[in-house]
Amino acid sequence: EMDVIFTPRGEVESAAPANDLAQKLLAKTDTKLDDPAAAPRDSLVSLLSQSILQLPEKAVSPGDHWTIERQIPSDSGSLKLETSYALEKILDQDNSTIAKIKTSARLIQEPPPGQKAPGAVRILSNEQTGSASFAIHEGRPLEVAQNQLLKTQRTYRDATIDVTLESHTN
């Protein structure tokens, strides 16, 4: 269990463990690339710091777009997550003003210059799309749906391992 505090724009301001299990999970540990059971703390903290929906800095109108970029550390080099948002429309629904937002994202792998860690995971392709309904006056998401498809490849000893991850959330 984690205590997460958001800014009014939907950015994660802080994330802290709320119980002993979470504290142990986030404890600083030395990890090795070839240890499949290791959960690198920095990657986990970065994952917990991601917002489902991040609002623009300035007011937008239907048809407007904004993009948020963030760096995600990993054992295979830095990853850049570039998320694009588009305000589709604003509705009055059930005594509430609702913003309908479309999202798309791409994950860009940025290995260290001239370096490739042995056994590093390569991103072959990824697709991320979604939609959200945001209650403007209440300042909270009502509904978020995301579709993700990620294909990766890793060499381990003499074998090449291809992995495809697909998720759909509503």
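1. Overall make-up. The chain has two helices and eight strands. Helices are DSSP runs of H or I with at least four residues, strands are runs of E with at least two, and both are numbered from the N terminus. Along the sequence the order is β-β-α-α-β-β-β-β-β-β.

2. Basis. This is a predicted model, in which local features need pLDDT of at least 70, side-chain atom pairs count only at pLDDT 80 or more, and totals for chains, interfaces and linings use all residues. Residues are numbered from 1 along each chain as its sequence is written, and side-chain values use heavy atoms, with hydrogens and water left out.

3. Burial and surface. Of the 170 residues in the chain, 26% are buried. Buried means under 20% relative accessible area, exposed means over 50%, and partly exposed lies in between (1.4 Å probe, protein chains only). The chain exposes about 11500 Å², with 50% of that supplied by carbon and sulfur atoms. These areas come from the Shrake-Rupley method with a 1.4 Å probe; for residues, only the protein chains shown count as cover.

4. Contact range. Take contacts between residues at least 6 apart in sequence: 45% of them join residues at least 24 apart. A contact means heavy atoms within 4.5 Å.

5. Strand pairing. β4 (residues 78-93) and β5 (residues 96-110) are antiparallel partners over 15 bridges. β5 also pairs with β6 (residues 122-135), again in the antiparallel sense, over eight bridges. Two strands pair if DSSP finds at least two bridges between them. K100 in β5 shows both pairings: K89 stands opposite K100, and in β6 the bridge partner of K100 is S133.

6. The β4-β5 hairpin. Two residues lie between the strands, and D94 takes a positive phi near 50 degrees. N95, in the loop between β4 and β5, has a positive phi near 60 degrees. Most residues other than glycine have a negative phi. N95 counts as exposed because its relative accessibility is 85%.

7. The β7-β8 loop. R157 sits between β7 (140-156) and β8 (159-169). Phi of R157 is positive too, near 55 degrees, in a residue other than glycine. At 70% relative accessibility, R157 is classed as exposed.

8. The salt bridge. How many salt bridges does a search of the whole structure find? One. The side chains of R106 and E82 meet at 2.9 Å, N to O. The pair links distant parts of the chain, with R106 in β5 and E82 in β4, 24 residues apart. A salt bridge here is a side-chain nitrogen of Lys or Arg within 4 Å of a carboxyl oxygen of Asp or Glu. E82 is buried, with a relative accessible area of 16%. R106 has 44% relative accessibility, so R106 counts as partly exposed.

9. T97. This residue lies in β5. T97 is buried, at 16% relative accessibility. The T97 side chain makes a polar contact with the side chain of H137 (3.3 Å). A polar contact is a pair of N or O atoms within 3.5 Å; within protein, one must be able to donate a hydrogen and the other to accept it, and residues adjacent in sequence count only if both atoms are side-chain atoms. Leaving aside neighbours within four places in sequence, T97 touches I90, L91, D92, F134, A135, I136 and H137.

10. T152. This threonine belongs to β7. T152 is buried, at 14% relative accessibility. Beyond residues up to four places away in sequence, T152 touches V121, R122, I123, L124, I161, D162 and V163.
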